[in-house]
Amino acid sequence: MKTIILYYSSHHGNTRKIVQAAEAAIDTDILDITSPMAEKADLSEYDRIGIASGIYAGSFHPDLIEYIKKHMPRGKEVFLMYTCTADMPHYINRMLRVLEGADAKVIGRFRCRGLNTFGPFGVLGGAAKGHPDVHDLMSAADFVRNLKSDGSILTSQKKQKK
């Protein structure tokens, strides 16, 4: 099964870390959607597409959402990976609506904590310090290794210690 993970990662590189853990665990391509190659990518050649982002103002990054709207082929298997300070399941709703419009089949969701120094968190020295940590990265690798196409949705959102 040919797989690619599309991602947007800025600030502390939290998302890039979990994507790299996934890349090390399975045979997959990865693509930073801010790279010049992103506009030329042919996603139709992939059977499965991962979409990864930190959470920005309660949603996947707007640039990634716009990229998916423009480039997502119809009917693909998709999995989501995201980093955020708090476990708020509604953070993925906007992306899910975009994927629904592309008739995508969401087969899994992975979330882990990620260092956040935005706004008031920066004044306080950051939230979720040390994340993603080695356990988060191992969980990301396990998540992609265990993805299934049978219609069940695999969710990895373990409650983690601060």
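Which residues does Lys76 touch, not counting residues up to four places away in sequence? They are Leu43, Ser44, Tyr46, Asp47, Ile49, Asp103, Ala104 and Lys105, where contact means heavy atoms within 4.5 Å. This is a predicted model, in which local features need pLDDT of at least 70 and side-chain atom pairs count only at pLDDT 80 or more, while totals for chains, interfaces and linings use all residues. Residues are numbered from 1 along each chain as its sequence is written, and side-chain values use heavy atoms, with hydrogens and water left out.

**Lys76**

- Lys76 sits in the loop between helix H2 (62-71) and strand S5 (77-84); helices (H or I, at least four residues) and strands (E, at least two) are DSSP runs, numbered from the N terminus.
- Lys76 is buried yet has no salt bridge, and the nearest side chain of opposite charge, Asp47, is 5.4 Å away.
- Buried means under 20% relative accessible area, exposed over 50%, and partly exposed in between, with a 1.4 Å probe and protein chains only.
- For charge, Lys and Arg count as positive and Asp and Glu as negative, while His and the chain ends are not counted.
- At 3.0 Å, the side chain of Lys76 reaches the backbone oxygen of Ser44.

**Salt bridges**

- The structure holds six salt bridges, each a side-chain nitrogen of Lys or Arg within 4 Å of a carboxyl oxygen of Asp or Glu.
- One of them joins the side chains of Glu39 and Lys70 (3.2 Å, N to O).
- This pair links distant parts of the chain, 31 residues apart: Glu39 is in the loop between strand S2 (29-32) and strand S3 (48-56), and Lys70 is in helix H2.
- Glu39 is partly exposed at 46% relative accessibility, and Lys70 is exposed at 61%.
- Arg74 forms a salt bridge with Asp103, with the closest N and O atoms 2.5 Å apart.
- Here too the pair links distant parts of the chain, with Arg74 in the loop between H2 and S5 and Asp103 in the loop between helix H3 (93-101) and strand S6 (105-113), 29 residues apart.
- Asp142 and Arg145 meet in a salt bridge (2.7 Å, N to O); both lie in helix H5 (residues 134-145), three residues apart, about one turn of the helix.

**Nonpolar cores**

- A nonpolar core is a set of buried Ala, Val, Leu, Ile, Met, Phe, Trp, Tyr and Cys residues joined through side-chain atoms within 4.5 Å.
- The largest has 30 residues, of which Leu6, Ile51, Phe60, Ile68, Met95 and Leu99 touch the most other members.
- Strand S1 (3-8), S3, H2, S5 and H3 are the elements that give two or more residues to this core.
- A second, separate core of 16 residues includes Tyr7, Ile18, Ala22 and Ile107.

**Aromatic pairs**

- There are three aromatic pairs; rings of Phe, Tyr and Trp (its six-membered ring) pair if their centres lie within 6.5 Å, and planes under 30 degrees apart count as stacked, over 60 as edge-to-face and the rest as tilted.
- The rings of Phe60 and Tyr82 have centres 5.8 Å apart and planes at 50°, so this pair is tilted.
- Phe60 is in strand S4 (residues 59-60) and Tyr82 in strand S5, so the pair ties together parts 22 residues apart in sequence.
- Phe79 and Phe143 have ring centres 6.0 Å apart and planes at 65°, so this pair is edge-to-face.
- Both Phe79 and Phe143 are buried, and ring pairs link Phe79, Phe110 and Phe143 into a cluster.

Key
A polar contact is a pair of N or O atoms within 3.5 Å; within protein, one must be able to donate a hydrogen and the other to accept it, and residues adjacent in sequence count only if both atoms are side-chain atoms.
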